[in-house]
Amino acid sequence: MKREFLEGLGLEKEAIDKIMAENGVDIEKQKLETTKVTETLKGVQAQLDDANKAIKGFEDLDVEGIKKAAQDWESKYKTDTETLKKQIEQKDYDHAAEAYLGNYKFTSDLAKKAVVSEFKEKGFKFEDGKFLGADDFMKTVQESNPAAFEVSEGDGTTRVDTGGDHGDDVIGDKFIESMMKGAGLTKE
């Protein structure tokens, strides 16, 4: 609708402005709807083009070839889905383990990496938001490797408990080995 048409009807400028504004809103709504439909049609056309390409590829195949291709795609889908599911479960497990171990204060990043590595190797079952058997494991780790953990004093200070002189102590050797393993190092 053009302004000149409304002026020709003898309408006042204020009425014409209101009519034009309302008409503009309607036009914008229609443009938006047209854009949505156009985008949807482009997507459908792309799917149709892909399907036509696939059909062209199948024209040269025999029935057994088509069955084999369908089975291959189904197998790939199942494998990819299972792999993705395992990756998500592993990320959830790792995140929960990091959160659980975040409750402990380690004397170094190396000590933390070693404990995290041993913790994950144990493969504790994660059920109802808890790792079954993890508390006992961590108690054992703290007792056998006191130098890996900070100890809070009553006055708010933190100290490292070395657990006394370990000398040639096997526990100390195991701790060093686990720290090296957690850091990806070897004894060489």
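**Helix packing around α4**

Q: Which residues in α3 meet α4, and which ones in α4 do they touch?
A: On the α3 side they are Asp94, Ala97, Glu98, Tyr100 and Leu101, and they meet Lys112, Val115, Val116, Phe119 and Lys120 in α4. Keep in mind that this is a predicted model.

Q: What does the contact of α3 with α4 look like by class?
A: There are 6 nonpolar and 4 charged residues in the contact of α3 with α4, and no polar ones.

Q: OK, and at what angle do α3 and α4 pack?
A: About 130 degrees, with the axes 11 Å apart. For orientation, helix α3 covers residues 63–101 and helix α4 covers residues 109–122.

Q: What do you call α3 relative to α4 with that angle?
A: Oblique. The cut-off for roughly antiparallel is over 145 degrees, and roughly perpendicular runs from 65 to 115, so the angle of about 130 degrees makes α3 oblique to α4.

Q: Is the crossing of α3 and α4 left-handed or right-handed?
A: Right-handed.

Q: Let's move on to the other partner. How do α4 and α5 pack?
A: Their angle is about 140 degrees and their axes are 12 Å apart. α4 also passes α5 in a right-handed crossing.

Q: Which residues make that contact?
A: From α4 you have Val115, Glu118, Phe119 and Lys122. From α5 you have Ala134, Phe137, Met138 and Val141.

Q: How do the residues in the contact of α4 with α5 divide?
A: Into 6 nonpolar and 2 charged, with no polar ones.

Q: I'm curious about phenylalanine 137. Is it buried or exposed?
A: Phenylalanine 137, which has its place in helix α5, is buried, because its relative accessibility is 11% and the cut-off for buried is under 20%.

Q: What does phenylalanine 137 touch, leaving out residues up to four places away in sequence?
A: Glu118, Phe119, Lys122 and Phe124.

Q: How far is phenylalanine 137 from phenylalanine 124, in sequence and in space?
A: The two are 13 residues apart in sequence, and their C-alpha atoms are 9.8 Å apart.

Q: Last topic: where is asparagine 145 found?
A: In the loop between α5 (134–144) and β3 (150–152).

Q: So is asparagine 145 buried or exposed?
A: Asparagine 145 is buried, at 10% relative accessible area.

Q: And what does the side chain of asparagine 145 make a polar contact with?
A: With the side chain of serine 144, at 3.2 Å.

Definitions and conventions:
Residues are numbered from 1 along each chain as its sequence is written. This is a predicted model: local features need pLDDT of at least 70, side-chain atom pairs count only at pLDDT 80 or more; totals for chains, interfaces and linings use all residues. Side-chain values use heavy atoms; hydrogens and water are left out. Axes are lines fitted to C-alpha atoms, for helices over the stretch in contact, and angles run from 0 to 180 degrees between N-to-C directions. Helices (H or I, at least four residues) and strands (E, at least two) are DSSP runs, numbered from the N terminus. Angles under 35 degrees count as roughly parallel, over 145 as roughly antiparallel, 65 to 115 as roughly perpendicular and the rest as oblique. A crossing is left-handed if the near helix is turned anticlockwise from the far one by less than a right angle, and right-handed if clockwise. Contact means heavy atoms within 4.5 Å. Ala, Val, Leu, Ile, Met, Phe, Trp, Tyr, Cys and Pro count as nonpolar, Asp, Glu, Lys and Arg as charged, and the others, Gly among them, as polar. Buried means under 20% relative accessible area, exposed over 50%, partly exposed in between (1.4 Å probe, protein chains only). A polar contact is a pair of N or O atoms within 3.5 Å; within protein, one must be able to donate a hydrogen and the other to accept it, and residues adjacent in sequence count only if both atoms are side-chain atoms.
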